[in-house]
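Here is a short note for a colleague new to this structure. Please keep the sequence and the model open while reading the points.

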Amino acid sequence: MGLRAVKIDKPLPRREEAVTAGPEAEESWSNAAKNIAIDIGYGFVKLLSGQQAIRFPSVVGRGRELNYLSPLSKNNQPLDNLQVNINGQNYFVGSLAIRQSELASRSLEQNRVVDPNAKILLLTAIGLLSQWEDQKFNLVTGLPTSYYANYGKEWIRELTGQYNIGIRQNGQMKQKKVSLREVCVIPQPFGTLYDQMLNTIGNTINQELSEMIVGIVDIGFKTTDYAVADKLEFIEHLSSSTSTGLANVHRLLANYLQKNFNLEKQDYELDEIVEEAAVRVAGKAQDLSTARNEFFTEIARKIINEISSRWDYRQFDIILLTGGGGEALAQYIIPHFPNKVLVDNAQYANARGFQKLANNLFANR
Ligand SMILES: Nc1ncnc2c1ncn2[C@@H]1O[C@H](COP(=O)(O)OP(=O)(O)OP(=O)(O)O)[C@@H](O)[C@H]1O
Ligand SMILES: [Mg+2]
């Protein structure tokens, strides 16, 4: 691989404002396949619903009849009440599973292909996106970099096909027939690259990036993915995944809460506590920013070491920092690398890029 040392002395060209793909036109013809994008992470499933990026926790639990749902509960949003039926089995998904299923936890296997929960999460997301009783889709999704080479093709085979999905919407179980026609699987961090390169309808608006050597650091919940693209080519020997992620901060903060407030917090309750750097104890908000700052610094240091032991940062034209963890840790990591930038709204960047790529690949299908 020819490495060039190109100095980036100007920011990336700004992405053009979103050009809509004309969803009305697409929707009026129910026979056309809809292009969709789903990013399944250990922490959250991210997807694009119209122009809006949404997420739900990657948790699947056994479903059952719920006898009473208060109409006044703050948990009455559709995303907080995901109930699906797949192959005759009921599941609670996302925050409903956290609230109502016993033994529900974030337990995705490293290898998504053999994990039934990964498929349930994906089919739940598709159920959310399907507007009709019988609908065709083209999907772009990802796999962690270390699994891409071995399992990418198998994941495509596993996903392509027809499904019957029951999903509760507006209080009623609705049956949807879903056909996954085209499935494209890419290394997850490449979603961020396509997000920077393409506009909404999938046309290249940042040609420069497609000619560069780009490093991508995607910090997630349980993994940090390192990927390299040389003129858009995936450079496998420089790409890898580690088990460093925001879950490490969750663990440190959980110990801190135990020690200082004698508070026992579950894994899923820590998302909000970490994101807001605050916790309520006996009805009073306690500020956790000093402790969080210490834990963020510690994990950031670990990631800086991982980057330095894998890459000579000077080999890259640019290093894109992405993922929810990228957003959380940017201020601690960026100062160490002159060619590193945090992408906009980083937790959703892979999903946005998957969607743009889908619109490019499946433009006329
Ligand atoms: N602005 C923020 N500040 C602090 N934490 C954040 C912020 N945005 C997202 N997070 C946290 O970042 C973590 C990682 O989110 P992300 O969705 O990227 O992980 P994932 O893709 O599910 O995990 P993985 O890549 O390991 O499979 C989550 O725990 C989330 O709560
Ligand atoms: Mg991720």
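**Notes on the strands, the core and the ligand shell**

1. G61 stands opposite F92 in β6. The two strands involved are β4 (residues 60–62) and β6 (residues 89–93), which pair in the antiparallel sense over 3 bridges. Strands count as paired if DSSP finds at least two bridges between them. Strands (E, at least two residues) and helices (H or I, at least four) are DSSP runs, numbered from the N terminus.

2. A word on the source. This is a predicted model, in which local features need pLDDT of at least 70, side-chain atom pairs count only at pLDDT 80 or more, and totals for chains, interfaces and linings use all residues. Residues are numbered from 1 along each chain as its sequence is written, while chains are lettered from A and ligands numbered from 1 in the order in which they are written.

3. Now the whole chain. The protein chain has 10 helices and 17 strands. Of its 365 residues, 41% count as buried. Buried means that 20 or more other C-beta atoms lie within 10 Å of the residue's own; exposed means 12 or fewer, and partly exposed lies in between, with C-beta atoms placed from the backbone. Among contacts between residues at least 6 apart in sequence, 69% join residues at least 24 apart. A contact here means C-beta atoms, placed from the backbone, within 7 Å.

4. Look next at V60. This residue is in strand β4. V60 counts as buried because 28 C-beta neighbours lie inside 10 Å. Leaving aside neighbours within four places in sequence, V60 is in contact with Y91, V93, A97, N117, I120 and L121. The C-alpha atoms of V60 and L96 are separated by 9.0 Å, with the two residues 36 apart along the chain.

5. Strand β6 has another partner. Strand β5 (residues 82–86) runs antiparallel to β6, and 5 bridges join them. I86 has Q89 as its bridge partner in β6. The hairpin of β5 and β6 has 2 residues between the strands.

6. Which residue in the loop between β5 and β6 deserves a check? N87 has its place there. Its phi is near 50°, a positive value in a residue other than glycine. Most residues other than glycine have a negative phi. N87 counts as exposed because 10 C-beta neighbours lie inside 10 Å.

7. N345 also has a positive phi, near 45°, and is a residue other than glycine. N345 is found in the loop between β17 (340–342) and α10 (349–361). With 12 other C-beta atoms within 10 Å, N345 is exposed.

8. Strand β1 (residues 34–40) and β2 pair in the antiparallel sense over 3 bridges. D39 stands opposite K46 in β2. The hairpin of β1 and β2 has 3 residues between the strands. Strand β2 (residues 44–49) is mostly covered, with 5 of its 6 residues buried.

9. β2 also pairs with strand β3 (residues 52–57), in the antiparallel sense, over 6 bridges. L48 stands opposite A53 in β3. The hairpin of β2 and β3 has 2 residues between the strands, and G50 takes a positive phi near 65°.

10. One more hairpin. Strands β14 (residues 278–281) and β15 (residues 284–287) run antiparallel, joined by 4 bridges. A278 has D287 as its bridge partner in β15. In this hairpin, which has 2 residues between the strands, A282 takes a positive phi near 50°.

11. Which residues have the most contacts inside the largest nonpolar core? They are A37, I38, V93, A125, I126 and V214, in a core of 93 residues. Helix α3 (residues 116–129) gives the most to this core, with 8 residues. A nonpolar core is a set of buried Ala, Val, Leu, Ile, Met, Phe, Trp, Tyr and Cys residues joined through C-beta atoms within 7 Å. Leaving aside neighbours within four places in sequence, A125 is in contact with I38, V45 and L47.

12. Last, the ligand. Ligand 1 is surrounded by 19 residues, and the closest are G41, G43, G220, G324 and A328. Membership needs a C-beta atom, placed from the backbone, within 6 Å. α7 (270–276) and α9 (324–333) each supply at least two residues of this shell. The largest share, 4 residues, comes from α9.

Definitions and conventions. Two residues are in contact if their C-beta atoms, placed from the backbone, lie within 7 Å.
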